[in-house]
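Please walk through this assembly with me, from its interfaces to its domains. Start by looking at the sequence and the structure below.

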Amino acid sequence: MALHPDRLFPADPATRGVARTLYAAAASAPIVSPHGHVDAGLLLRDEPFTDPADLLVVPDHYVLRLLHAHGADLGALGRAPRGDSPGADPREIWRTFCAHWGAFAGTPVRYWTTAILADVFGTDLTPSSATADALYDELVAALARPEFRPRALFERFGIEVLATTDDPADDLADHAALRDDPEFAGRVLPTFRPDAYLDPGVPGWPARLDRLGAAAGIDTGTHAGLVAALENRRAYFAERGATATDTGPVDAWALPLRAPEAERIHAAFLASSGTPEEATAYRRHMLFELMRMASEDGLVMQLHPSVIRNHHGPTLERYGPDTGHDLPDVGAFTRPLRTALEAFGTNQRFRLVLFTVDETTFSREIAPLAGFYPSVYAGAPWWFLDTPSAIARYRGAVTDSAGFGKTSGFIDDTRAFCSIPARHDMARRMDAGFLASLVVTHQLSEEEAAAIAVDLAAPLPRRVFRLE
Amino acid sequence: MALHPDRLFPADPATRGVARTLYAAAASAPIVSPHGHVDAGLLLRDEPFTDPADLLVVPDHYVLRLLHAHGADLGALGRAPRGDSPGADPREIWRTFCAHWGAFAGTPVRYWTTAILADVFGTDLTPSSATADALYDELVAALARPEFRPRALFERFGIEVLATTDDPADDLADHAALRDDPEFAGRVLPTFRPDAYLDPGVPGWPARLDRLGAAAGIDTGTHAGLVAALENRRAYFAERGATATDTGPVDAWALPLRAPEAERIHAAFLASSGTPEEATAYRRHMLFELMRMASEDGLVMQLHPSVIRNHHGPTLERYGPDTGHDLPDVGAFTRPLRTALEAFGTNQRFRLVLFTVDETTFSREIAPLAGFYPSVYAGAPWWFLDTPSAIARYRGAVTDSAGFGKTSGFIDDTRAFCSIPARHDMARRMDAGFLASLVVTHQLSEEEAAAIAVDLAAPLPRRVFRLE
Amino acid sequence: MALHPDRLFPADPATRGVARTLYAAAASAPIVSPHGHVDAGLLLRDEPFTDPADLLVVPDHYVLRLLHAHGADLGALGRAPRGDSPGADPREIWRTFCAHWGAFAGTPVRYWTTAILADVFGTDLTPSSATADALYDELVAALARPEFRPRALFERFGIEVLATTDDPADDLADHAALRDDPEFAGRVLPTFRPDAYLDPGVPGWPARLDRLGAAAGIDTGTHAGLVAALENRRAYFAERGATATDTGPVDAWALPLRAPEAERIHAAFLASSGTPEEATAYRRHMLFELMRMASEDGLVMQLHPSVIRNHHGPTLERYGPDTGHDLPDVGAFTRPLRTALEAFGTNQRFRLVLFTVDETTFSREIAPLAGFYPSVYAGAPWWFLDTPSAIARYRGAVTDSAGFGKTSGFIDDTRAFCSIPARHDMARRMDAGFLASLVVTHQLSEEEAAAIAVDLAAPLPRRVFRLE
């Protein structure tokens, strides 16, 4: 279970030697995490994690999906069927996970979990049916110790800044309490995620608008009111440290409507009479509006479109969302964003980081856009592509047109708190390996490569996400 | 012409060393071939192959297409123009092939043919204009010997099971005779391929329905009758050893129609009055029906959509199908299969193996689907992608989301009987190399990698195709 | 700044050793450049280049786009705003470029520029803010010397043939004068580029038709007249040495109209009354017509569709075209070209070289088309893909289906005269590396690989572009 110091480095000895040197320069940089799903309350309350299933299995849809693919039942994995309480025993969940350790061979889950077990917990045991119980007991014992509480881990992980993901109606009370807590020195920032308010065709839109209106103190009964409320909440977030927003629409089309048309559709959906075509038009208009707002208030806009959410209706029905069947769709940016980039693409306050789950867009769309528009950055490989091999393909595909300086730096995007250092370390290793390949093919000097490796680890994401 | 024992292994010495060890563990496993186009009658009759052109050139559209691309005439390559008898002399065909040996440099045809010549025939000659005649004579002499008859080769190749591809109306008499033949111990299984019955817009549909109806003893004049006849023939195939079906529609859309609508369209096409839109709707409904049937009878469903058949009309007109101009189309699975996977995707009897000729779907669609749905497996690289470099890209693209256990194992899909061992050996070598790269980057132990290499070679395809 | 003799070769020592040998066999071959944008007048006038900004920065949209992406103003980079004269001082432009040297790390611009500075100018200085002025002065001094005049460089670069890109109405006077110049022995050929005449919906079409009609002495007021004028000018170009045409439409659809319909649309646009749909139909008809003409006169047809031109309207408005925001679109060939390939695909005089900026089409469309149709060749990686890493992916993707003999050989496609040798050298190095990987994996003998490396460098492009 010991982690090899050369893991993920290129096999060729000369390249590996250079990669080691480059990695060494960047390895101990602090962690800048501008996009993730850890809850601020976790750090505020600082309560111990309860057990390994709760820590590593139940909340992680990467893990759940492959266990499900091998026949495991989501209910038996701790997902409560709707209307029921979760019936699963955490030790049983852990046994199921350990019994399926082989199913994860070669996957990023295997890589992260190995690193967590070895590096965070220091265990010698490799998961298997035979070791499941002993490992469970060992981890439970560790989690009860003070050094495994969230704040202690935050410090141990070397996290300089951690951004959460938050609803615009959230009062950010946990963030405020954390900031005011003299015992906690970490920087935990909110991120404005307005997805729930963009598409009037999604059930519950009027109720969400009411809640948002209440938070902003602005009537959201009109389109102008919704826009004003969102602007109000963006300012609220920015005052509380947010430097970025995050949006994951069904597609990246951003097309403005004339104001009366936007008002008409807004009213129609409040009266439950809008059509699907109108909902789409409104959503695309709202994406344009968000780009306009970003060009005015300077919040960095993260855009990650083209995921088909909840592909398997019956599983959604029974177990709710985030149960492993959000699936990649064909991606597109160059055409969908054209109108909005004509409006804001060369605006100096505007900044747009593009993420994809369709890697064909790396060399065809994202890198060429980032290679012309000052506002556009090529986001790190995301979700299904947040893996050693996809990171290698990403660097190979985007560097030609965007270099290194128009990429975003690594994004961990995780709910699994303990995997944060392993994920950032993975990215630093892969970047070191890619840079080393440029060095040994004499496209880059080792000195310049080392400077880039250092820059990618922390200074670049600080600059890109305006965290300096 | 001697085959190097390290062929296809990674160049890096350390990785190559590991690959050698992993390959050695899997190299001598029996061949499990669950998908191919060898004729059962070939083994039943066990007659000698006539000549090298007939063995290696004329029936292989991989070979024909590149010879044609370099200016060779299909008629001169032994394809009879419609209405004519084939006029080409096999020795002339062989000379043409040998003269174009250079055109195949770097292609999989070159790789297989080299292996066949060296390994199966043990010749020292490399094809060229200068050696063509001597090589022809040497091969003709070999083919006349008993050890080059189909059954002798079947045994020598170590084939444990060989699946053929058969029309649902086929009585499978050759399969029955083979099974009853006390002289032949091999396992040769039929595969149910219903493509000819799905699209009512393809000329000749009513006549084919009649033939199917006669085979099943069921009137196929109604949609319900066609469905019943197909179910009847699936049972007939299953009784005779079939464990799988095979379907290659124009696209992967599977969308059910209401019964009266299906009956209406069925009747319209029998009366020659259906529209293209109705034909498409009916075909997509039939694909949904096939998925339903598979979820009930447990025959493993192989799906390989999105090939544009017979791209060059004049060549089809003159030389018929399978003459090298079936071409890849843009692939799609996640959207087209959604409705059907909501219906059957978590059904334990249902199993669906997805193949593609569009490698963008590997990481974007196939692996994520196989990484959630227990029923879905990522099929091996197919047809244009059945090559060393595409296999490497496939493993790099699918392992992140699907691991190894949700892949299908290798599929040779060949009409070229003698290429079967070379193709399976190629896959074992490429898998050993990929696994070795995970070992030397410390993502996998050598022990676990060896176990996976062994599993991929035979136990995995046995499990996936329900051949145990 | 010294160029390493092993640059771009694979890192593995054994593979690198083979690559060195293969490269050595091809390195000194003459340069065959069948597609580029150098002006014939440059060689006719043979005037000194004025300064490094004019030579390496201002005319090169590869350079401009990434400087712009990092915040530089196009006006400050020497692009004159419309209506203004260029106000930028070349030394300031050069300083900006040198200050951004780090932004180009890992990009092809970095690679070429390094090679130009080291190899063409022999400087020891690496660009940076600190060296910008000294480097500027050094380059200015060099450019004033006779050996840095265009003709001297042409000879020093070993250019055997250089094709320009020319409007069909061009009288090719510079080409004629060059050919008649006893002082100049180089071969500089025109290329027929009819794009401006194909789409009647693009503003200015009638005026351009008039100019073309005047050049041809044929009334272009009818569709038949336009076709006749284009045929006339093709013959004019062919008489003056052209062997090829070049077309870059919005998409690759080629679909013939009936003559009366073509005439009707032609007339409508001359009367300013055509619709966008009619413009598209006419353009696609014209592409079909160009393919017919090519099948008759044997001019090699280069097709590179699917680029979104001038993505950022305000920049086009202010600075004109070719300012770095032409962006790749999704590519398609197999369906769009079907009708035309049914008509001309097996015609022996017809030759079609396909280029793409969407690398998903390499293995899915271009290689399979080139692997069947005698007329079709897989064009070298182009524009955004004209880079070491994309060349490696191209060979990996196309060789399986098309081998080497159905590829086009390298295309530099450059406006940057001094980058021609560096670009061809890059391709020879990458091809040597790819071939070496086949040798060390025992898929190809070193002798055969060396023969292919030699063939790819000059004999193959001579054959493909009918330059023999």
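A polar contact here is a pair of N or O atoms within 3.5 Å; within protein, one must be able to donate a hydrogen and the other to accept it, and residues adjacent in sequence count only if both atoms are side-chain atoms. This is a predicted model, in which local features need pLDDT of at least 70 and side-chain atom pairs count only at pLDDT 80 or more, while totals for chains, interfaces and linings use all residues. Residues are numbered from 1 along each chain as its sequence is written, chains are lettered from A and ligands numbered from 1 in the order in which they are written, and side-chain values use heavy atoms, with hydrogens and water left out.

Begin inside chain A. Domain 1 of chain A brings 27 residues to the contact and domain 2 of chain A brings 22, where contact means heavy atoms within 4.5 Å.

How much area do domain 1 and domain 2 of chain A bury between them? The value is about 2,300 Å², with 63% of it on carbon and sulfur atoms. Buried area is the accessible area (1.4 Å probe) that two parts lose on being put together, summed over both. A:Pro48, A:Tyr319 and A:Cys418 supply 27% of what domain 1 of chain A buries against domain 2 of chain A, more than any other three residues.

The domain interface of chain A has four residue pairs in polar contact (both at pLDDT 80 or more). It has zero salt bridges, a salt bridge being a side-chain nitrogen of Lys or Arg within 4 Å of a carboxyl oxygen of Asp or Glu.

Now step out to the neighbouring copies. Chain A can be laid on chain B by a turn of 120° and a shift of 0.0 Å along the axis, with an RMSD of 0.0 Å. Superposition is by least squares on the C-alpha atoms of residues with pLDDT of at least 70 in both copies. Chain C goes onto chain A with a turn of 120°, a shift of 0.0 Å along the axis and an RMSD of 0.0 Å. These two copies are thus related as by a three-fold rotation axis. In chain C, the C-alpha nearest the axis is that of C:Asp12, at 3.4 Å. In chain A, A:Asp12 comes closest to the rotation axis, with its C-alpha at 3.4 Å.

Which surfaces meet between chain A and chain B? Only 4% of the interface residues of chain A are also interface residues in chain B, so the copies meet through different surfaces. In numbers, 48 residues of chain A touch 37 residues of chain B. The two chains bury about 3,300 Å² between them, 56% of it on carbon and sulfur atoms. On the chain A side, A:Gly106, A:His311 and A:His312 lose the most area to chain B, together 17% of what that side buries.

Polar links join chain A and chain B too. There are 22 residue pairs in polar contact (both at pLDDT 80 or more) and three salt bridges. In one salt bridge, A:Arg110 pairs with B:Glu448 (2.6 Å, N to O).

Chain C and chain A bury about 3,200 Å² between them, 55% of it on carbon and sulfur atoms. Three salt bridges cross this interface. A:Arg364 and C:Asp358 also meet through their side chains in a salt bridge (3.4 Å, N to O).
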